[in-house]
Every structure is written in C-alpha cells, then in structure tokens.
Amino acid sequence: MLSYIVKRLLLMIPTLLVISILVFVIIQLPPGDYLESHIAELQSQGESVDQDKIKFLRQEYGLDKPFHEQYFIWAIGMLHGDFGYSFEYDLPVREVVGNRMFLTIMISVVTIIFTWVIAFPIGIYSATHQYSWGDYGLSFLGFIGLATPNFLLALVMLYLANVYFGTSIGGLMAPQYIDQPWSWGKLQSVLEHLWIPVIVIGTSGTAGMIRRLRANLLDELQKQYVTTARAKGMKENKLVRKYPLRMALNFFIADIGSLLPSVISGAEITAIVLSLPTTGPMLLTALQSQDMYLAGSFLMFLAMLTVIGVLVSDLLLAAIDPRIRLQGEIAK
Amino acid sequence: MSQHFVSDKPFDPHSIENLTAAQERYYFASQWQLMWWKLKRHRLAIVSSIVLFFIYFGALFCGFLTPYNLHTRNIDFIYAPPQRIHFFNESEFVGPFVYGLEYQLNMENLKREYQSNTNDIQKLRFFCSGDKYKFWGLISTDKHFVCPAEGGQFFLLGTDRLGRDMYSRIFYGARISLTIGLVGIIVSFTLGIVIGGIAGYYGGIIDNVVQRMIEILRSFPELPLWMALSAVLPVTWSPLSVFFGITIILAMLDWTSLARAVRSKLLALREEDYCTAAQLMGAKPKRIIGKHLLPGFMSHLIASASLSIPGMILGETALSFLGLGLRPPITSWGVLLNEAQNINVVALYPWLMLPVIPVIIVILGFNFLGDGLRDAADPYK
C-alpha cells in the first residue's frame, strides 16, 4: 500500500509540471502585458505613472526577460508560496485569493456530497427496476438536468429563492455578515445561501453519475455470481446489497475523477452568475484584464484541486479494493 | 491403396443448412444496414433525429420562416411581451390574428407596460412580403411564411431591449449554435483519430506520452480553460475568425475521449492477422490504419462523437453568456442569453430566457440520438 501511495505521489509531479507550463503558455498568449495596457490606460486618463513601481514590478517578475525565464521565476516562486503579484488589486496574489479558494473548496465538497447522496439511491433504483416507469421518469429528470445550462438555472433559482424565501440576492451570506467573524448567525446565513449553488452545480454532475452508476450496476447484475446467488435462494434485497452494490461502490469512488472537473467548471460559471465570493468571478475579471499572475494562479489552483481530488479517490479506491492495491505486486 | 470415394454429384453447400430468406437478408446485410435496423427499434432516438432534422431545417430556412430580420428594430416596441395568437374574436372565427399592443410608461416605476387592445385585430398574413433578406446570401427576396398585418406587429416571443423580435432572433441564432457543434466535432474527430491512431498503432513511448497528455487535459476543469483560451482571442478579430477560434477552442479539449477509444481499439486490432498480412505486403502505416483498421469501428466512433456535440453547444452557450465567446453582430443562442444575465430580466422580462428552450431540446435530442447510435453500433447487443 505504501509503495502505491508513493508511486501515485511521484506521478503527480510531472502532471503538475506540465499543467503549470500549459497554464503559463495560456496566460502569456495575449499580446503585450498588463503593465503596458495599464500604463496606456493611466496616461490616457492624464494620470501620472509611478515609473519606479512599474520598473520594480517589471524587474521583480522579469517581464522583460525571455519566456522560459519568466516561467521559471513564476514556477519557482510558487514552490516558495509566492504566487506572483496581482496588478489589478495591487496586492500579492496570495492575499487576494486566500479566502476565495477556501469557499471554492467548500462549495465543491458540499456539491460532491450532495451529488452522491442524490445519485446513489436513484442509480440503484434505476438499475434494479430497469425499464420501469420509475426508471424512465428518473432518467428523464436526469437528462433534463444534464441539458439545462447551469447559469440559467442559477438565475431562476435565485429569483425563486428571493421571492419565496426572501433570501438576499447574490453572495454567499447576507450582507451584514460579510467580513464578520464566524458566528452561529453567519453559518445559518451561509447555509441559507449555499443550497442554491449546490443544487445548480449538482444537477449536471448528478445526472451523469446516475447514468454511469446505473450502467455499471446493470453490468454487475448480469454476471454469473448474481445468478448463482439467486439460484441458491438468496433474497433479492440482500443479494443486491451484498454483492453488486459493493462492486458499484468502487466505481462510485473512482468516479470522483470525472466528477470533480465538471463540479469545478460548474462552480465557476454558477459563481459568476450568483456573484459568489469564490474564484469564479475573480477569474473572469482577471482573464479579461490580463491580470496574468492572478489568472494563472487560479487556473493552477483549480487544476491542482482536481489532481488532488483524483489522487484521494485513487487512494480510497486502493484502500477498499484489493485488486488495485495488489496489481503492482502481482505484476512483479 | 484403396481409392478415395469422390461423389461426382454437383456440390451444393446449402443442401445441409438452408438459409431462409429472412436469415439470408440478415446474414448478408452490410454493417451499416444492421445498424440502421437496430436504430429503428430505438424509438427515442428516431423521434430525436426527426426533431433535430426539423430544427436544422428551420435554421436552414430561417429567413423565410421568420417574420422579421435578425437586426430589425421596432423602436416603439421595446421589451414587448409575447403576443398570443387568437383564432376567435367574441366567439366569431376570424382566423389567426393578434391583438394590437398599446404602450404605456408606468410613471411610478418607469416600467414599460403593454396592453392588448381587443378592438385592434391584426390578422396575420401568410406567404407574404415583409423585410428584405438574402436567401442563403444569394437570392434577394422579401417573401416570408408569416408576417404581421400591414402596419401591425407580430411578436410571438416578445422583443428585447432594442425592440428586436425574439422569435426571429432565435431562428437566426440557431444557425450559429447548431453549426458550431458540427464544425467542432469535425475538428475534434480528426484530431482524435490522428492522435489516437498514431498512439495506438505505434505504442511504446509515443503511446505513453499521448496517454499522459490526455490524462492531464482531462483532469483540467473544462470551463476555466475555455474561458482562459477565449480571453486570448484578440478583440480586433472579425466575427467569423472569432467563430472559428471558439470552435477550435471547444474542439481542443474534446478530442481526448475519442483518441482514447481509437487507441485502445487499435492496440487490440493491430495484433490481428489481417493487419500483419497488410504489413507483410508492404502497406504503409497510414494505409493500414486508414484502410484496414479504422473502418472496423468507424460506426462506433461516429456514435460516440455524436454524444459530444451537446457538450460543445453548451460550451459555446456558456462562453457567449459570459461575454467571452461570440460577440454581436454574430448571433447564437448564447449571445441571446447574454441579455438575460441579470436577475431583473427574470423578474421583468422572462421571455428573454426563451432561447434556453431550443438549447435544451437540441441537447436532449443529440443525447438520445447518440445513445441510440451507440447501442446500434455495438455488435454484441
């Protein structure tokens, strides 16, 4: 098991390396840099430009250096916890993003739990009652969830929540709790606001998961060991619970890998519509204004989140499934 | 040595096992024929394909089918609500007509309010002359299927902030939204087959590198990457270049699943005898992959490709909604929905959200059709 963990951890290094290069290329693609457009903007407004500061920033982040050197400055800085400088906010990136990252992680985790709680029973029901009305109805609902664009659903839910529950529009908590220390009331307010993004983000992921779980369980249900157990007179309920369900559980954990990117994608756009204080809205503005280090850190962070998520799912999988754990050893 | 007995009767291979006509039809049918028979049994897929056909048909003839042009502005009717088509006026049959709209500015909240005037009956005209447009950009004509009465209005789905007819705009938007999925799939299909083909055929290091690359691309959340890439497109580009830019961006992340499928199939198939035979006869890898290996599972590939069209349509819609995708004057469903970005819209002008309905229908349609195709292409079902 230990060797497996080490192997998986080592495998992450090249992955993150390639991702960081990819991210850096993308944020460098637009012609010019933020400082140039910033200076032009200030000058057009007749404001003076702090030449010293510009020069300092340019030197600090090596904006005048060739591409690969800039990359190394950025990448090595990241290893030291220095994510660069947000030109837009005039602050180090780390200070700008800290809290938002936390909220993004929180929303993603809650959404995944929500997806599981919904998808698991529905998937089992659909598989064990294949081609029944319940199966068709639930599959259809799932398809609708898959086909409805997240952002529009978010808008409508926001409106309905405001009309029927009086939830304040936008944000993740009522205005009076913003920048306040955590308290019971604040937690309540957050919970009141949290369910909208969670449902909105969860819909598409849930639909996909139900479909995959159903297909997987159906495959298992056709296998011979199920027939054997049935022939021996095992009760249907117990049979499903004892064997195929456990097999499907493996897949359930493995599916985090495909669930996580979609959850994070959904979280970004939903956050923009609902103006949640997460990474979404800030990433959008950072991309639009070429605030490259901020955008780069966000992209890097989101990628890292999925890579770590997949790692966790792989480790969990190895823990519950001896076949995966032992695979390497048998091969030897 | 005794002689072998050789019967001199004419040899008839069917003398033992005679195929009935139905069996014969089945056993000698081509692969595509078999697929079609299986697909026909998948009722949902057939219904979906008919619906999709009509939607594409509508997009093709959008100029004729709509009462107004894409950019026709009715400045007297800004944010007009949808008009209902009536057939009877005071229990008297008049044929399809709409009541005229009366505009009033509510001085309390400055909201535009429209009321139907039941005395003003505007009969719809059919096969009539209206706004001039160029049919397929070639023939200049002013013929429409339906037009408002002379001097009247006909806003089946209301108007937007510039007084443009939503019904017409949805039809025109379909052209872009529907083609972006198809063009995108062609790009990603080509990429997937070429990259997956090379990885699967050669194996070894090339395969390893491609595999890792695919894993990394797949682990990246799509939308942020799309956002980043489309933010890169220069503002100075012409709308058409932006369209192709966005398509390529969408396709760039989509080829991975196809490449994976091609690779795993090729890895298995290249060990087959017929592949070795082709190699021995000196066929080049390009020919072996293209002529001998790919056709074996082409149907399967097309089926899985059709399942990724909806993702692209949704992607374009999301990007345009955020203002990072297509920009007016190019009109897609996402661009139309961009107007509905505001919570006020939901409260005051909910008809601006209507473009989402065709989006949902098209995505469901492609999903069902793709499911049906996949089942049909699977020889073991």
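Student: Is Ile21(A) buried, partly exposed or exposed?

Tutor: This is a predicted model, in which local features need pLDDT of at least 70, side-chain atom pairs count only at pLDDT 80 or more, and totals for chains, interfaces and linings use all residues. Residues are numbered from 1 along each chain as its sequence is written, chains are lettered from A and ligands numbered from 1 in the order in which they are written, and side-chain values use heavy atoms, leaving out hydrogens and water. Buried means under 20% relative accessible area and exposed over 50%, with partly exposed in between (1.4 Å probe, protein chains only). Because its relative accessibility is 39%, Ile21(A) counts as partly exposed.

Student: In which helix of chain A does Ile21(A) lie?

Tutor: Helices are DSSP runs of H or I with at least four residues, and strands are runs of E with at least two, numbered from the N terminus. In chain A, Ile21(A) lies in helix H1.

Student: What is the order of the strands in the open sheet of chain B?

Tutor: Two strands pair if DSSP finds at least two bridges between them. Here 3 bridges join E1(B) to strand E2 (residues 92–106) of chain B, and these run antiparallel. Within that pair, His86(B) stands opposite Phe97(B) in E2(B). The open sheet of 3 strands, with antiparallel pairing, has the order E1-E2-E3.

Student: What percentage of the 381 residues in chain B is buried?

Tutor: Chain B has 16 helices and 5 strands, and its C-alpha atoms fill a box of roughly 115 × 55 × 35 Å along the principal axes. Of its 381 residues, the buried share is 47%.
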